Amino acid sequence: MKILETTKAPGAIGPYSQGYQIDNFAFTSGQIPVNPEDGSVPEGISLQAEQSCKNVKAILESAGTKIENVFKTTCFLADMGDFAAFNEVYAKYFKSNPARSCVAVKELPKGVLCEIEAIAVISK
């Protein structure tokens with residue numbers, strides 16, 4: 001078991017890690033749309049979905065895998081009215097159409113509009 005860490009995704013804002021590698025699997029923590037370079041959060045669901053996807057991708061790459069190897073995601077939206085716009089961005093990254101749950105939540109950390117977590121296989 002190995003903790004995943006990269007400066008290309010935002011650091012944890014609580015007592016958790018960016019992710020874990022266990023055997024041939026990578027598990028990411030939920031990634032909100034925080035830019036790891038300056039801590040900023042973009043405005044609007046499309047830009048926020050883009051940043052969340054980039055953060056997930058960076059953590060997966062730190063485990064030696066890629067976003068194409070994701071087989072399960074869980075997505076959280078602050079407003080289901082953003083579902084179509086979120087999906088449009090999500091589809092650009094998760095082209096393999098992994099299994100997914102997408103739920104509306106009352107609130108997300110830092111008041112963001114979306115959060116994405118992923119599970120991927122690490123090819124050897």
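Predicted model: local features only at pLDDT ≥ 70, side-chain atom pairs only at ≥ 80, totals over all residues.
Reader: Happy to start with the rings. How many aromatic pairs does the structure hold?

Author: A pair of aromatic rings is described by the distance of the centres and the angle of the planes. Ring centres have to lie within 6.5 Å to pair. On that basis, the number of aromatic pairs in the structure is three.

Reader: Is the pair of Phe-25 and Phe-71 stacked or edge-to-face?

Author: The ring centres of Phe-25 and Phe-71 are 6.0 Å apart, and their planes stand at 75 degrees. Planes over 60 degrees apart fall in one class, so this pair is edge-to-face.

Reader: How many residues apart in sequence are the parts that this pair, Phe-25 and Phe-71, ties together?

Author: Phe-25 belongs to strand β3, residues 25–28. Phe-71 belongs to strand β4, residues 70–77. The pair therefore ties together parts whose separation in sequence is 46 residues.

Reader: Thanks! Does Phe-25 count as buried or partly exposed?

Author: Buried would require under 20% relative accessible area, and exposed over 50%. Phe-25 has 35% relative accessibility, so this residue counts as partly exposed.

Reader: Which residue has its charged end over the ring of Tyr-90?

Author: Tyr-90 is part of a cluster in which ring pairs link it with Phe-86 and Phe-94. The charged end in question sits 4.6 Å from the centre of the Tyr-90 ring. That charged end is the one of Arg-100.

Reader: Let's turn to the strands. Which residue in β6 is the bridge partner of Phe-25?

Author: Strand β6 covers residues 114–121 and runs antiparallel to β3, with three bridges joining the two. Strand β4 is also antiparallel to β6, joined by seven bridges, and there Phe-76 stands opposite Glu-115. For Phe-25, the bridge partner in β6 is Val-121.

Reader: Last one: what is the volume of the largest pocket?

Author: The lining has 15 residues, and nearest the pocket centre lie Gly-11, Ile-13, Tyr-16, Gly-30 and Ile-32. By type, the lining divides into seven nonpolar, six polar and two charged residues. The volume of the largest pocket is about 180 Å³.

Technical notes:
Residues numbered from 1 in each chain as written. Heavy atoms only, no water. Phe/Tyr/Trp six-rings, centres within 6.5 Å; stacked < 30°, edge-to-face > 60°. Helix = DSSP H or I, 4+ residues; strand = E, 2+ residues; numbered from the N terminus. Buried < 20%, exposed > 50% of the residue type's maximum accessible area, 1.4 Å probe, protein only. Lys NZ or Arg CZ within 6 Å of the ring centre and 35° of its normal. 1 Å grid on protein atoms, 1.4 Å probe; cavity = no way out; pocket = protein on both sides within 12 Å on 5 of 7 lines; lining within 4 Å. Points joined across faces, edges and corners; volume = space filled by probe spheres on them. Nonpolar A, V, L, I, M, F, W, Y, C, P; charged D, E, K, R; others polar. Pairing = 2+ DSSP bridges.
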